[in-house]
Amino acid sequence: MHDFLAPKKCKLRAHTKIHKSPFLAYKQLAGGSSGITCAKLGEAEVMAQAGISDILIANEIIGKHKAQRLANLAKYCDLKVAVDDPGNARDISSAASTAGSEVGLVVDVNMSGGGPTGEKKLEGMLNRCGVSSAEMGSELAVEISKLPNVRLRGVMGYEGGLPENPDAEEGKSLTRQALERLVRVSNAIEDRGLAVELVSCGSSTSYKVAADTPGITEIQAGSYILMDTYHHRFSPEFDYALWVVAQVISLPKPDRAILDAGGTAISGDAGLPELRAKTSGMKIVELNAEHIHVETGPGTALHRGDRLEIVPSNIDTTTCLHDNYVVTRKGEVEMLLPVAARGKFQ
Ligand SMILES: Cc1ncc(COP(=O)(O)O)c(C=O)c1O
């Protein structure tokens, strides 16, 4: 990811909700990421307390109490947050005025849903937060520009990565159309005489399309660093760097082994996890809260106590289940690395 983006105009702003570790965030910064992205205020607090200075919270932070926390945090780092509502922008402005800080605001754009100006819904693309037209985006930007202690920094949108589409080229084309909508909002804001520094979007599956879309300045890719089976289907160029190790605890039938890790240790929210080693005839067929069922074919006998490495289908909903990473190099354990922002979802 870093090598791909290094010669491009468009920079990486690594999404750290994937690993929730300031140590890994620092590695990404050292590798060329221009700053970091967080999903939650609590995550941003952990990253700022570790000394990271350039942080985008790619999410709406709502309510006066949270606005106050945001305003306080902005004293310690260059903090930017997504907004899609003038009332929310006013709350943040008022909290920052009280705190004596400045919070950067980034207009959040829903690029995929149908907008009020007749823009089509883009099938298979994420339809979540954000303003849904260039007019709404530029109006909000003008409102922000009038408020004290907040500064308009740009626009962001999350299209959800490449869509599940049997026609890969069509998937890329839908993604490009979504990203072009984001650039149109940015242009509309500039047409109102306001500066747009950041046009932020993209993911570990859409980064190539995003980097080649004129006007995009940064990509919020995250999963590429550890990977999961969902992202691997789209971006096999990134190796798996994380797996959960589970033990065989029971062999109820000749073709079945039961492991001692389940949904409390490995997420199943993007489908069943997979065995890291592709041993023919052996596959995961069921995930319970505390158990995994493995079907074993002829010649794949397992024994109680055997250890298997399992790759999750979704990485962020797996890392949040663990206190530590066991960091290994060439099979040797080097350290236990805390998942420091685990549980910091408030
Ligand atoms: C707002 C936002 N940006 C970026 C990403 C990163 O995407 P990926 O994990 O595919 O790199 C996500 C992931 O859910 C996201 O919600």
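Helices (H or I, at least four residues) and strands (E, at least two) are DSSP runs, numbered from the N terminus. Residues are numbered from 1 along each chain as its sequence is written. This is a predicted model, in which local features need pLDDT of at least 70 and side-chain atom pairs count only at pLDDT 80 or more, while totals for chains, interfaces and linings use all residues.

**Stop 1: K20.** Select K20, in the loop between β1 (11-15) and α2 (22-30). K20 is not a glycine, yet its phi is positive, about 60°. Buried or exposed, how does K20 count? K20 is buried, with 26 other C-beta atoms within 10 Å. The cut-offs are 20 or more other C-beta atoms within 10 Å of a residue's own for buried, 12 or fewer for exposed, and partly exposed in between, with C-beta atoms placed from the backbone.

**Stop 2: K330.** K330 counts as exposed, with 5 C-beta neighbours inside 10 Å.

**Stop 3: the open sheet.** Select the 6 strands that form an open sheet, in the order β11-β14-β9-β10-β13-β12, with antiparallel pairing. The edges are β11 (274-275) and β12 (282-287); each has a single partner strand, so one side of each lacks a neighbour in the sheet. Two strands pair if DSSP finds at least two bridges between them. Within the sheet, show β10 (residues 256-259) and β13 (residues 292-296), an antiparallel pair with 4 bridges. Which residue of β13 stands opposite I258? That residue is H293.

**Stop 4: the ligand.** Display the 14 residues around the ligand; Y158, S203, S204, Q220 and S223 come nearest. A residue is near a molecule or strand here if its C-beta atom, placed from the backbone, lies within 6 Å of it. The shell holds 4 nonpolar residues, 10 polar and no charged. Ala, Val, Leu, Ile, Met, Phe, Trp, Tyr, Cys and Pro count as nonpolar, Asp, Glu, Lys and Arg as charged, and the others, Gly among them, as polar.

**Stop 5: the whole chain.** Zoom out to the protein chain, with its 10 helices and 16 strands. Its radius of gyration, taken over C-alpha atoms, is 22 Å, close to the 20 Å that the globule rule gives for 346 residues, so the chain is as compact as a globular protein of that length. That rule is 2.2 Å times the number of residues to the power 0.38. The C-alpha trace spans about 70 × 45 × 35 Å along its principal axes. Of the 346 residues, 46% count as buried.
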